[in-house]
Amino acid sequence: MQIAICDDEVSMVQILEEKIKKLLPDAVIDKYLSGDELIASGSKPDILFLDIQMPGMDGMETAKMLRQDNENMILIFVTAAEEYVFQAFDVGAFHYLVKPFSDEKLKEVVTKAVHNIKRSSRLEKDEKYIMVQTAGSHIKIFLRDIVYAEVYNRKVIIHTRSTDIEYYGKLQELSDMAGADFFRTHRAYLVHFKYVEKYDATCVTMKNGTALIAKKNYPEFVRRYLKYNQRKGNEVR
């Protein structure tokens with residue numbers, strides 16, 4: 001996760017950095033002492049902690065410029081001035097922290113921001129789709145609906161929750177697009193972890209069919225499937 005802190009007070013930047021590192025130890029934190037410096041950097045953070053009253057370009061103007069290229073950025077104003085709270089809505093601020101604030105309040109805001117990012121990421125993934133041509137028609141298939149796919153007679157057969165769709169194509173192209181929620185168990189099979197019901201060293205039983213698993217792929221399949229379950233478990237919490 002990419003985080004930026006922009007404040008003309010060096011001490012405030014250092015304090016925020018230390019507190020955020022404790023909350024998000026894996027985050028990459030970039031620091032800026034002015035809006036001009038932040039804009040010049042070309043940075044597109046996931047979360048921005050931004051002061052309002054700064055020499056040169058103030059926080060509101062900085063936020064307006066950043067919003068032009070980063071609509072999804074979580075913007076958190078950190079300021080001693082309460083009077084700008086209504087203007088903050090105009091630039092899509094996520095929260096307005098008034099200095100001084102408690103560690104508990106910062107933790108609450110950061111936790112909500114991270115949850116918001118994860119939720120948006122899940123929704124984006126759920127909307128990914130492919131367009132395939134079959135029998136003269138173009139069909140949209142959402143990745144979330146694919147149970148598994150296989151290759152047979154030079155055709156890719158996609159098994160969804162409700163139907164089977166055949167088209168001429170390459171399974172590798174579908175695999176590249178599908179991402180971490182899918183796994184190539186065999187040169188002829190691609191499975192969606194979401195719909196795995198049971199497995200052993202030879203095959204994977206899916207919600208509506210069975211996929212072969214190559215012996216050499218089995219250890220990696222197990223590792224990836226466990227990692228998938230851990231990831232989804234974390235999302236639920």
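Leaving aside neighbours within four places in sequence, which residues is D145 in contact with?

**Figure 1. D145 sits in the loop between strand 7 (137–142) and strand 8.** Leaving aside neighbours within four places in sequence, D145 is in contact with H159, T160, R161 and Y195. Contact means heavy atoms within 4.5 Å. D145 has a relative accessible area of 18%, so it is buried. Buried means under 20% relative accessible area, exposed over 50%, and partly exposed in between (1.4 Å probe, protein chains only). Helices (H or I, at least four residues) and strands (E, at least two) are DSSP runs, numbered from the N terminus.

This is a predicted model, in which local features need pLDDT of at least 70 and side-chain atom pairs count only at pLDDT 80 or more, while totals for chains, interfaces and linings use all residues. Residues are numbered from 1 along each chain as its sequence is written, and side-chain values use heavy atoms, with hydrogens and water left out.

**Figure 2. Strand 8 (residues 146–152) is mostly covered.** Five of its seven residues are buried. Strand 8 runs antiparallel to strand 9 (residues 155–160), and six bridges join them. Two strands pair if DSSP finds at least two bridges between them. V151 stands opposite V156 in strand 9. The hairpin of strand 8 and strand 9 has two residues between the strands, and N153 takes a positive phi near 55° there. Strand 8 also runs antiparallel to strand 12 (residues 189–192), with three bridges joining the two. Here A149 stands opposite L190.

**Figure 3. D51 lies in the loop between strand 3 (47–50) and helix 3 (59–67).** Buried or exposed? D51 counts as buried, because its relative accessibility is 4%. Leaving aside neighbours within four places in sequence, D51 is in contact with C6, D7, D8, G59, V78, T79 and K99. R67 is 16 residues away along the chain, and the C-alpha atoms of D51 and R67 are separated by 16 Å.

Figure 4. The buried residues of helix 3 are G59, M60, T62, A63, L66 and R67. An α-helix has 3.6 residues a turn, so residues three or four places apart point the same way. What covers the buried residues of helix 3 includes helix 2 (35–41), strand 3, strand 4 and helix 4 (85–90). D58 caps the N-terminal end of helix 3, with a side-chain oxygen 3.2 Å from the backbone nitrogen of M60.

**Figure 5. The largest nonpolar core has 21 residues.** A nonpolar core is a set of buried Ala, Val, Leu, Ile, Met, Phe, Trp, Tyr and Cys residues joined through side-chain atoms within 4.5 Å. I3, L16, I47, F49, I76 and V78 touch the most other members. Strand 1 (2–6), helix 1 (10–23), strand 3, strand 4 (74–79) and helix 5 (103–126) each give two or more residues to this core. Helix 5 gives the largest share, five residues. Not counting residues up to four places away in sequence, I3 touches I20, L24, A27, V28, I29, D30, P45, I47 and F49. A second, separate core of 17 residues includes L38, L48, I52 and M73.

Methods:
A polar contact is a pair of N or O atoms within 3.5 Å; within protein, one must be able to donate a hydrogen and the other to accept it, and residues adjacent in sequence count only if both atoms are side-chain atoms.
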